[in-house]
Amino acid sequence: TSVAPPKEKESEGLYYTPGSEKLKEVRQLFADSSLHLSGERIKKAKEFREGLVPSTFQAELSRFNELKKNLHSFQNSASHIGDERPLSYCNISPDQSRLVTASVSGQIRVWDFPFPPKEQPNLDHQAHNGRVGCCVWNPKPLDNKSADLASGGLDKVLKLWSTNSGTMSTDDNNNNNQSTDDHLLSQYKGHTDRICRVAWHPVYTSFLATTSADCTWRLWDVNRPEPLLTQDGHSKSTYGIAFQCDGSLVATSGYDTFVRIWDLRTGMNVMVLKGHAKAVIALDWSINGYNVASGGDDNAIKMWDIRQKACVYTIPAHMSSVAHIQFERENGRVMVSAGFDKTVRLWTCRDGTGVVTDWRQEKVLGGHEGLVACVDITNGGKCVVSAGQDRTWKVWRGEDEIKEAKKERGGLSCMCRYNKWRKMRCVSWPGSYLEGVERRR
């Protein structure tokens with residue numbers, strides 16, 4: 001009797017592009033570092049769980065309750081005009097001393113944070129021709145002359161900036177055009193549609209990843225003009241992207257409603273997380289290494305556990321689309337979200353240990369006059385900043401921090417108000433203000 005030939009495995013619709021020798025070396029680099037880092041992370045998590053005897057657990061719970069109490073007292077402590085056009089992004093620097101904002105006009109501005117001592121931004125760039133999709137700080141800049149800021153936008157170009165440098169010119173090996181901006185180091189072209197998000201690799205910051213409306217995400221080496229990797233996978237625009245803290249995995253999301261997990265060591269798509277009903281535009285990875293949060297046009301935030309390859313909790317988060325999600329980077333016990341319903345919302349784990357999967361809302365922050373496009377949170381969860389369509393970026397803090405800041409400044413917090421000439425007035429400490437552009441009717 002003849003044996004029937006085995007059936008060929010059905011294709012999942014994924015297309016892997018041939019890789020170079022350089023990409024092979026980078027994959028090996030990621031594999032070597034991630035083994036050590038993941039081992040250290042798991043060891044610390046195990047020690048934390050084993051050390052939760054009644055006395056230490058009560059102390060941990062007490063600290064968490066203090067954090068929740070502070071979150072409940074959050075209010076708008078400062079509000080600034082960021083641009084003449086709606087703001088599209090904001091990001092707090094790793095040392096939490098500066099803030100970068102971007103707008104749909106292509107402008108990028110760097111401010112002192114959280115209370116600007118002067119009325120104008122430190123740096124002001126016409127960075128892109130059209131909307132800036134993302135601008136993020138380098139988590140580990142090498143020195144003052146290296147790139148500490150990356151941006152991408154409607155012009156399909158990824159740009160690297162040095163906000164601390166003097167006169168810098170673009171390296172011709174990275175870009176065929178000479179830079180006309182003192183702070184612009186290099187720019188990279190390759191996407192065929194607008195760049196939606198940019199992310200630095202958390203371990204090796206000479207590598208970045210971008211997502212685009214051309215349905216691909218790309219991995220870049222800052223020392224090479226072309227992308228190391230161009231990866232298909234989403235059937236519609238690829239939007240969100242986030243690296244795992246070990247640097248071995250990366251999550252992407254798109255308008256096709258899926259979240260995909262990619263293994264950078266092998267190049268394989270190891271998970272497809274299905275559950276959203278509409279486009280997924282917000283994405284972040286918790287510091288614990290296994291929780292991924294996603295949100296989108298179905299107004300919900302889903303918490304995924306990659307160990308179970310499943311959604312472990314769904315939050316009916318906003319009354320409209322979820323625009324942005326950000327975990328607190330110190331321990332991941334606080335999460336902040338921004339929505340098209342003009343609100344910023346604060347969330348915490350139930351007991352604060354990060355082990356329990358259910359999240360509850362602690363505070364709803366209202367004050368923006370338009371949709372909130374982006375939000376960020378400082379380490380420890382003591383301060384939140386948001387940027388929105390009303391052209392302002394706002395700082396949110398607890399009562400104790402506000403009182404302390406007022407005492408240091410000797411005056412009022414910074415608030416935006418309209419005077420009788422319909423111009424924005426940014427009131428800060430006594431005697432100073434910032435006149436804005438005329439409010440559009």
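The secondary structure of the protein consists of three helices and 31 strands. Helices (H or I, at least four residues) and strands (E, at least two) are DSSP runs, numbered from the N terminus. The model is predicted: local features need pLDDT of at least 70, side-chain atom pairs count only at pLDDT 80 or more, and totals for chains, interfaces and linings use all residues. Residues are numbered from 1 along each chain as its sequence is written, and side-chain values use heavy atoms, with hydrogens and water left out.

Of the 441 residues in the protein, 56% are buried (under 20% relative accessible area, with exposed meaning over 50% and partly exposed in between; 1.4 Å probe, protein chains only). Contacts (heavy atoms within 4.5 Å) between residues at least 6 apart in sequence join residues at least 24 apart in 51% of cases.

One part of the structure is an open sheet. Four strands form this sheet in the order S10-S11-S12-S13, with antiparallel pairing; two strands pair if DSSP finds at least two bridges between them. Strand S10 (195-200) and strand S13 (229-231) each have a single partner strand and stand at the edges, so one side of each has no neighbour in the sheet. Neighbouring strands of this sheet are turned by 15 degrees against each other on average, direction ignored. The axes behind such angles are lines fitted to C-alpha atoms, for helices over the stretch in contact, and angles run from 0 to 180 degrees between N-to-C directions.

S10 pairs with strand S11 (residues 207-212) in the antiparallel sense over five bridges. Ile195 has Ser212 in S11 as its bridge partner. Helix H1 (residues 21-50) packs on the sheet and touches S11, strand S12 (217-221) and S13. The direction of H1 makes about 110 degrees with that of S11.
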